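Hi,

Here is the model I said I would pass on.

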Amino acid sequence: MRIPKLQLVLAAAVAALFALPQDSSANNRKKKPEPLACAELAAEYEARDVVIVSATEVPEVTTGNNAAPAHCDVRGTISDNIKFALFLPVEWNGRFQMVGNGGKAGSISIGDMRIALRLGYASSSTDTGHDNAIQAEGGARFGNDAVFGKEREIDFGWRAVHLTAKTSKDVIRAHYAHKPKYSYWNGCSTGGRQGLMEAQRFPDDFDGYIVGAPVYDYTGQQMAAPAMLRPLYSRIPPQSPADGPVISAAKRNMIGAAVYARCDALDGVVDGQLRNPLKCEFDPAVHIPACSETSGPSCLTPMELAALQEIYAGKEPFVPGAPVGSENINGGWSTWILPNSATGTPLLHGVIADAFEWLMFTPDRPGYDYLSQWDWSIEPFQMREAKKIYNATDPDLRELLRSGKKIVMYHGWGDPGANPVRSIRYRESVIDFLDDRHGHGHGHQRHGKNYRHGEALTDSFLKLYLVPGMAHCGGGVGHSTVDWLTPLVNWVEHRVEPQAIIGAKTGSTRPHCPYPEEAVYDGVGDPNDAARFSCRQLD
């Protein structure tokens with residue numbers, strides 16, 4: 001039988017079709033990029049506004065402060081002025097951790113990066129766009145509008161961290177040929193503010209956040225100096241007794257001893273810690289004798305009492321009062337408010353004073369002295385532009401809630417440098433926001449108490465831990481050695497919700513409980529054993 005010509009053509013076409021390579025679609029796909037070796041990164045990596053200045057192979061170091069596994073040490077710049085460093089371990093755990101800054105930044109947090117590197121993380125940090133080693137940029141002088149405009153302030157406020165996070169993850173992808181499985185933020189103080197800023201503005205940058213002692217209300221944090229120090233000083237550092245401080249170091253320690261004599265035993269354990277200072281009913285006008293005609297070591301003059309009461313009261317609504325308990329502990333008032341030397345400079349002044357000159361007001365106010373010029377009816381309302389740049393006060397974290405991202409926040413109860421009451425208030429603001437958006441009412445019962453719906457939602461992605469006796473970001477007299485990272489990783493990656501997190505100090509362990517729960521001693525076991533405590537919500 002003769003086959004029609006059209007059928008022959010169709011048969012030939014079908015045969016040709018099946019003769020094509022079976023994986024033609026795969027061949028047409030874009031090939032997976034080859035990983036860039038450490039030595040190739042500086043020359044081969046390309047991204048807009050990013051320059052890899054150096055990429056150096058570093059062999060393993062097994063001893064000393066610089067101990068670290070073998071890694072690639074990458075240094076670069078973004079937009080010319082933002083410097084960053086990135087450590088890429090040879091044996092990588094597939095995760096990325098970016099670490100925050102302290103104070104006004106101006107340097108890269110190499111030491112904290114190295115801690116993350118030892119755990120197998122690719123780790124990065126930024127100087128936030130200014131260099132403390134340069135006189136014109138040190139302290140708050142990077143905010144000199146006549147020299148830098150507002151660009152460096154914006155970099156410090158939020159932009160540099162975001163750009164560094166994006167760049168770091170892109171370089172990680174280029175080096176390992178795949179992106180990190182999980183990305184984490186880890187920072188305290190300024191680093192805590194940076195973490196909350198990222199969560200609020202750029203929730204896609206990280207999967208989990210460790211947020212310690214955050215100075216998130218940055219303009220409010222600056223107001224702590226006039227609120228806490230003006231009652232004590234007329235000049236810092238003091239040049240004569242007339243300049244202050246009104247309260248001596250000896251009286252400071254006497255006040256602290258009176259606080260602990262009244263409240264240390266309230267939690268059932270006399271251990272030099274206050275479980276919750278807000279529950280300590282201490283009134284210096286009642287619980288410390290008033291001096292007669294002359295001052296003595298165990299009494300307060302009217303001037304001393306007035307100054308102390310101002311510190312405890314704060315300046316609401318701008319500055320909450322200082323909780324009791326940090327007056328006489330290491331890292332407490334002796335560091336931040338009343339140094340041991342009568343002519344010393346309190347750290348609260350050192351980290352804040354020049355912010356009023358260069359960061360808080362527009363135009364700048366070089367030479368501004370908050371001790372003599374501050375007016376509570378004027379200055380707090382002149383910081384609107386600074387609030388937009390620096391404050392991480394937005395309670396809307398719905399994107400984190402929706403996407404399953406997590407925050408572990410911690411703060412020391414013994415921290416006079418950044419008031420822990422502010423962290424409580426931020427958590428409350430998130431609860432209130434979610435209540436407003438998702439409906440009021442009781443989510444369920446917890447420890448026999450009604451649990452607000454907004455609180456249940458908040459606790460599903462944000463946990464706050466208040467550490468008794470811990471000073472600013474660590475230290476103090478509390479159980480301040482804490483692994484915050486492992487519970488966060490388990491929460492993010494395995495959905496294991498953290499409850500009590502164990503803290504340690506020499507010869508002792510203690511659980512830290514998610515607020516508002518507190519660690520309650522069982523009354524019979526060894527109080528140095530964390531197992532003898534349980535987390536409970538108390539009235």
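**A buried glutamate**

E304 counts as buried, because its relative accessibility is 8% (buried means under 20% relative accessible area, exposed over 50% and partly exposed in between, with a 1.4 Å probe and protein chains only). Before I go on: this is a predicted model, where local features need pLDDT of at least 70, side-chain atom pairs count only at pLDDT 80 or more, and totals for chains, interfaces and linings use all residues. Residues are numbered from 1 along each chain as its sequence is written, and side-chain values use heavy atoms, with hydrogens and water left out.

E304 sits in helix α12 (residues 302–313); helices (H or I, at least four residues) and strands (E, at least two) are DSSP runs, numbered from the N terminus. Its side chain makes a polar contact of 2.8 Å with the side chain of K251. By polar contact I mean a pair of N or O atoms within 3.5 Å; within protein, one must be able to donate a hydrogen and the other to accept it, and residues adjacent in sequence count only if both atoms are side-chain atoms. Leaving aside residues up to four places away in sequence, E304 touches V246, I247, K251, S295 and C299 (contact means heavy atoms within 4.5 Å).

A43 is exposed, with a relative accessible area of 63%.

Strand β2 (residues 71–78) is largely enclosed by the rest of the structure, because seven of its eight residues are buried. On one pairing, β2 runs antiparallel to strand β1 (residues 50–58), joined by eight bridges; two strands pair if DSSP finds at least two bridges between them. Here V51 stands opposite T77 in β2. β2 also pairs with strand β3 (residues 82–89), again antiparallel and over eight bridges, and D73 has F87 in β3 as its bridge partner. The β2–β3 hairpin has three residues between the strands, and S79 takes a positive phi near 55 degrees there.

**Pocket and cavities**

The search used a 1 Å grid over the protein atoms alone: a cavity is a set of points where a 1.4 Å probe fits but cannot get out, a pocket is an open set with protein on both sides within 12 Å along at least five of seven lines, and lining residues have an atom within 4 Å of a point. Grid points are joined across faces, edges and corners, and a volume is the space filled by probe spheres set on the points.

The largest pocket has a volume of about 450 Å³. It has 22 lining residues, with I115, N186, Y410, V482 and W484 nearest its centre. β4 (95–99), α4 (110–118) and β6 (182–188) are the elements giving two or more residues to that lining. The lining of the largest pocket divides into twelve nonpolar, eight polar and two charged residues (Ala, Val, Leu, Ile, Met, Phe, Trp, Tyr, Cys and Pro count as nonpolar, Asp, Glu, Lys and Arg as charged, and the others, Gly among them, as polar).

There are three cavities of 30 Å³ or more. The largest cavity holds about 190 Å³ of space, and its 19 lining residues include R275, L466, P468, E518 and A519 nearest the centre. β17 gives the most to this lining, with four residues. By class, the lining of the largest cavity has ten nonpolar, three polar and six charged residues.
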